[in-house]
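User: I'm new to this one and would like a short walk through it. Could you take my questions as they come?

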Amino acid sequence: FSHPRRLLAGSTASSPAMVVDGQGRVRVLAVSGAGTLVERHTSGAGWSHPQRMGKPGSWSTHAAPSAVADRLGATWVAAVTRHGAVLSQRSTRGGRHWTGMHPVDHDSWSSTSTPALAAAPDGRVWIATVGSRGAVVVRHTGSASSRWQQPDVMPGAWSTYASPALAVDRSGRVWLATVTSDGDLAVSSRGAGKRHWQASRGLPE
């Protein structure tokens with residue numbers, strides 16, 4: 001490993017997010033102590049100038065941003081604001097521009113839980129979020145559309161302080177790991193083309 005290089009000066013409140021985009025650039029995102037979401041990426045032999053995302057000072061300092069690259073190499077970013085709104089955006093035009101941060105919906109989400117993102121082989125992007133009262137909601141884009149579709153609400157009571165995790169395997173099955181309000185770890189999955197989630201005891205037969 002090379003010696004660490006400081007990319008963001010001063011106080012950084014959140015854990016960083018890191019992703020490799022379709023152009024091979026490494027992108028790093030973090031929320032500052034003042035609640036500003038900042039992105040930098042590799043550029044030539046160095047790093048780009050810091051780029052603010054969304055409104056300065058508006059992001060939760062108790063949750064991290066999430067980032068994932070989809071099948072076409074576009075970068076998707078999701079983060080939660082101080083007031084519990086989850087916003088997302090994606091890169092366009094070879095990764096040089098962004099669509100701008102937009103709410104995934106108008107519900108209230110936990111400002112202490114990081115949204116989870118995952119990209120599927122069919123082109124869809126999935127997101128899992130924890131509500132301010134402990135609901136876990138999963139939704140996805142269309143395979144050829146960036147619009148978020150109708151959500152699935154997972155039954156159960158979930159911790160508002162834990163973050164969900166999402167993964168999509170090569171078969172297109174979506175995996176979701178969540179923590180209950182009692183501290184139990186639960187894993188469920190949804191097969192490609194299926195409409196229902198099922199509790200997971202391992203790989204499906």
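User: How much space lies in the largest pocket?

Analyst: About 300 Å³ of space lies in the largest pocket, where a pocket is an open set of points on a 1 Å grid over the protein atoms alone, where a 1.4 Å probe fits, with protein on both sides within 12 Å along at least five of seven lines, and lining residues have an atom within 4 Å of a point. A volume is the space filled by probe spheres set on the points, which are joined across faces, edges and corners. This is a predicted model, in which local features need pLDDT of at least 70 and side-chain atom pairs count only at pLDDT 80 or more, while totals for chains, interfaces and linings use all residues. Residues are numbered from 1 along each chain as its sequence is written, and side-chain values use heavy atoms, with hydrogens and water left out.

User: What pairs with E13?

Analyst: Strand E12 (residues 125–130) runs antiparallel to E13 with 5 bridges, pairing being at least two DSSP bridges. E13 also pairs in the antiparallel sense with E15 (residues 152–154) over 3 bridges and with E14 (residues 145–148) over 2 bridges, with Thr141 opposite Trp148 in E14.

Methods
Helices (H or I, at least four residues) and strands (E, at least two) are DSSP runs, numbered from the N terminus.
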